[in-house]
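Please read them with the structure open.

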Amino acid sequence: MDVKTAAKTIRQGEVSPIYLLYGTEKYQMKEFTSLMEEHLIKKEDRDFAIVNYDLSEVPIQAIVEEAETVPFMVERKLIFVRDASVFTAGKESGKIEHRIESLLEYVKNPAEYSVIIFVVQHDKLDERKKVVKAIKGAGVVLSFAPLGGEELLRWVDKEAKLNGCIWAPGAADILIRNAGTLLQTLSAEINKLCLYAGDGGTIECDTVEQLVARTTEQNIFVLVEDIANLRIDKALGIYYDLLKQREEPIKIAALIARQFRIIMQVKDLAAQSYSQQQIASQLSLHPYAVKIAGEQARKFQAGDLRDILSRMADLDYQMKTGRIDKVLGLELFLLRLAA
């Protein structure tokens, strides 16, 4: 079952006794848990019907005991369990002793009046564990992975419409390139832009540029984009702005090198017929970042990328050993890229 189907069944009043939510997309995970609260528990009952636990503080057997306890003054209760690392690979903290067998017994005959929601903020579950297999058989397991390139654009478009405004062509792309791919950040920026545009208004490209500040990492991203398109004057403009913000030239150079390294890796994997999603997983990157890196990769030959990285390594050595002025050295490097 996917997240959309699970949300639909919850709206219809159908609920599983156990949910296991995992992934790195915290914003969507929070939206889903809020949906559960809204549709399964009356507002006036929430003080009695919603219970929160953290497995770094309490053992799993306490969760089972809570689930088996008849709720007070309400028909059903939701038990949210955070830091559920018992479902992932790696060693568990030795502070709390979790008797997993108690949960394995519970899932065979879960209480009708309790819904347990395990929240695992990790990109993968340990499929080898009995407890994961048991919950897959008795409950609902949902993945909350970062949205892919086109999915992210659709989400941004939908959020703007929910806020009563629409995007001018290209404006949504600029937002993502300026603000990054975190949905929480994007949601806040969209809300701000729609307030500026007014109800039924259109968010223009210039408006996004003026109102959405870029992080240092996003500035580097745009700087490399300008280099790829031979807009060296704009690239230098971003560099000077970063210097005004007291960013260290060595850090700027390291971030530029990192972006070119990503471009080279994406180009190499794409040539081996890896999909965008597979590349994102292989490089531990957001799918949208892979999409943009792929577009940039088409503007460079593989040999040129290796040459740029070699020259950047040499520049890094010269800057750190004092053989060249840091500010001037990076400026000259950017100028030579356009030569």
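The points below go from the whole chain to a strand, a helix pair and a loop residue.

1. Overall make-up. This is a predicted model. The chain holds 17 helices and 7 strands. Its C-alpha trace spans about 75 × 50 × 40 Å along the principal axes.

2. Of the 339 residues in the chain, 47% are buried. Among contacts with a separation of 6 or more, 77% are between residues 24 or more positions apart.

3. Burial here means under 20% relative accessible area.

4. Two faces of β1. In a regular strand, side chains alternate between the two faces of the sheet. In β1, Ile18, Leu20 and Tyr22 point one way, while Tyr19, Leu21 and Gly23 point the other way. Residues on both sides are buried.

5. Neighbours of β1. Which strands pair with β1? One is β4 (residues 114-120), which runs parallel to β1 and is joined to it by 5 bridges. Within that pairing, Leu20 has Phe118 as its bridge partner. Another is β5 (residues 140-144), also paired with β1 in the parallel sense, over 5 bridges. There, Tyr19 stands opposite Val140.

6. Packing of α1 on α2. How do the axes of α1 and α2 cross? Helix α1 (residues 3-11) and helix α2 (residues 26-40) have axes that come within 9 Å and cross at roughly 15°. Angles under 35 degrees count as roughly parallel, and α1 is therefore roughly parallel to α2. The crossing of the two helices is left-handed.

7. Residues between α1 and α2. On the α1 side, the contact is made by Val3, Ala6, Ala7, Ile10 and Arg11. Helix α2 contributes Phe32, Leu35, Met36, His39 and Leu40. Sorted by class, the contact has 8 nonpolar, 1 polar and 1 charged residues.

8. Pro169. Where does Pro169 lie? The residue is in the loop between β6 (166-167) and α8 (171-179). Is Pro169 buried or exposed? Its relative accessibility is 78%, and the cut-off for exposed is over 50%, so Pro169 counts as exposed. Pro169 and Thr202 are 33 residues apart in sequence, and their C-alpha atoms are 9.9 Å apart in space.

Terms used. Residues are numbered from 1 along each chain as its sequence is written. This is a predicted model: local features need pLDDT of at least 70, side-chain atom pairs count only at pLDDT 80 or more; totals for chains, interfaces and linings use all residues. Side-chain values use heavy atoms; hydrogens and water are left out. Axes are lines fitted to C-alpha atoms, for helices over the stretch in contact, and angles run from 0 to 180 degrees between N-to-C directions. Helices (H or I, at least four residues) and strands (E, at least two) are DSSP runs, numbered from the N terminus. Angles under 35 degrees count as roughly parallel, over 145 as roughly antiparallel, 65 to 115 as roughly perpendicular and the rest as oblique. A crossing is left-handed if the near helix is turned anticlockwise from the far one by less than a right angle, and right-handed if clockwise. Contact means heavy atoms within 4.5 Å. Ala, Val, Leu, Ile, Met, Phe, Trp, Tyr, Cys and Pro count as nonpolar, Asp, Glu, Lys and Arg as charged, and the others, Gly among them, as polar. Buried means under 20% relative accessible area, exposed over 50%, partly exposed in between (1.4 Å probe, protein chains only). Two strands pair if DSSP finds at least two bridges between them.
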